[in-house]
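Hello,

Here is the structure I said I would pass on. My notes follow below it.

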Amino acid sequence: ACNSAPAATAGTISVGAVGVTATATTETWYSNYGSCVDIFAPGGAAVTQGGNTLGTTSAWLDTSNTSQSPYRVEPGTSMAAPHVAGAAALLFSQGITTPAAIEAALERSATDLGTRGRDNDFGFGLINPRASLRGMGLAR
């Protein structure tokens, strides 16, 4: 629920997931949404192929997989959150070091989705790291 920790805790950036395409405009079936979600990032979508459910986003090393590539792909908000953490790390590396300033920069520069402004479907929108850096005068 949106009233519970950690999503409702001050200073927490709650992340939802959209599909992996640049035109993704709906949250994925597995993502939370509502007043507790601050921002969205690519999380992929589950795809069924040949009876197997496959992810379509972030790869991770799977050393148990010896018959194919050692990387797997998985969908999930656990795949969306690292996108936001990476964007926050970029800002931090450029001197934006307070959590509140990082959150404000990410939210202010997000690509708006859904109803104009912050809404319960997409929060502040889809993260846009380049716009975050440009908004702080750190990138062209």
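The protein chain exposes about 8,200 Å², and 54% of that area is supplied by carbon and sulfur atoms. Please keep in mind that this is a predicted model. Of the 140 residues in the protein chain, 34% are buried.

On the fold: the protein chain has 6 strands and 3 helices. Read from the N terminus, the order is β-β-β-β-β-β-α-α-α. Among the contacts in the protein chain with a separation of 6 or more, 52% are between residues 24 or more positions apart.

On the interior: in soluble globular proteins, nonpolar side chains tend to be buried together. In this model the largest nonpolar core has 16 residues, and I39, V84, L91 and L106 have the most contacts inside it. Two or more residues of this core come from each of these elements: the strands β1 (15–18) and β2 (39–42), and the helices α1 (77–93) and α2 (99–109). Helix α1 gives the largest share, 5 residues.

Which residues is V84 in contact with, once its neighbours within four places in sequence are left aside? They are I13, V15, I39, A41, L106 and I127.

Another core, of 7 residues, lies apart from the largest one; V18, F40, L113 and F122 are among its members.

Regards

Technical notes
Residues are numbered from 1 along each chain as its sequence is written. This is a predicted model: local features need pLDDT of at least 70, side-chain atom pairs count only at pLDDT 80 or more; totals for chains, interfaces and linings use all residues. Side-chain values use heavy atoms; hydrogens and water are left out. Helices (H or I, at least four residues) and strands (E, at least two) are DSSP runs, numbered from the N terminus. Buried means under 20% relative accessible area, exposed over 50%, partly exposed in between (1.4 Å probe, protein chains only). Contact means heavy atoms within 4.5 Å. Accessible areas come from the Shrake-Rupley method with a 1.4 Å probe; for residues, only the protein chains shown count as cover. A nonpolar core is a set of buried Ala, Val, Leu, Ile, Met, Phe, Trp, Tyr and Cys residues joined through side-chain atoms within 4.5 Å.
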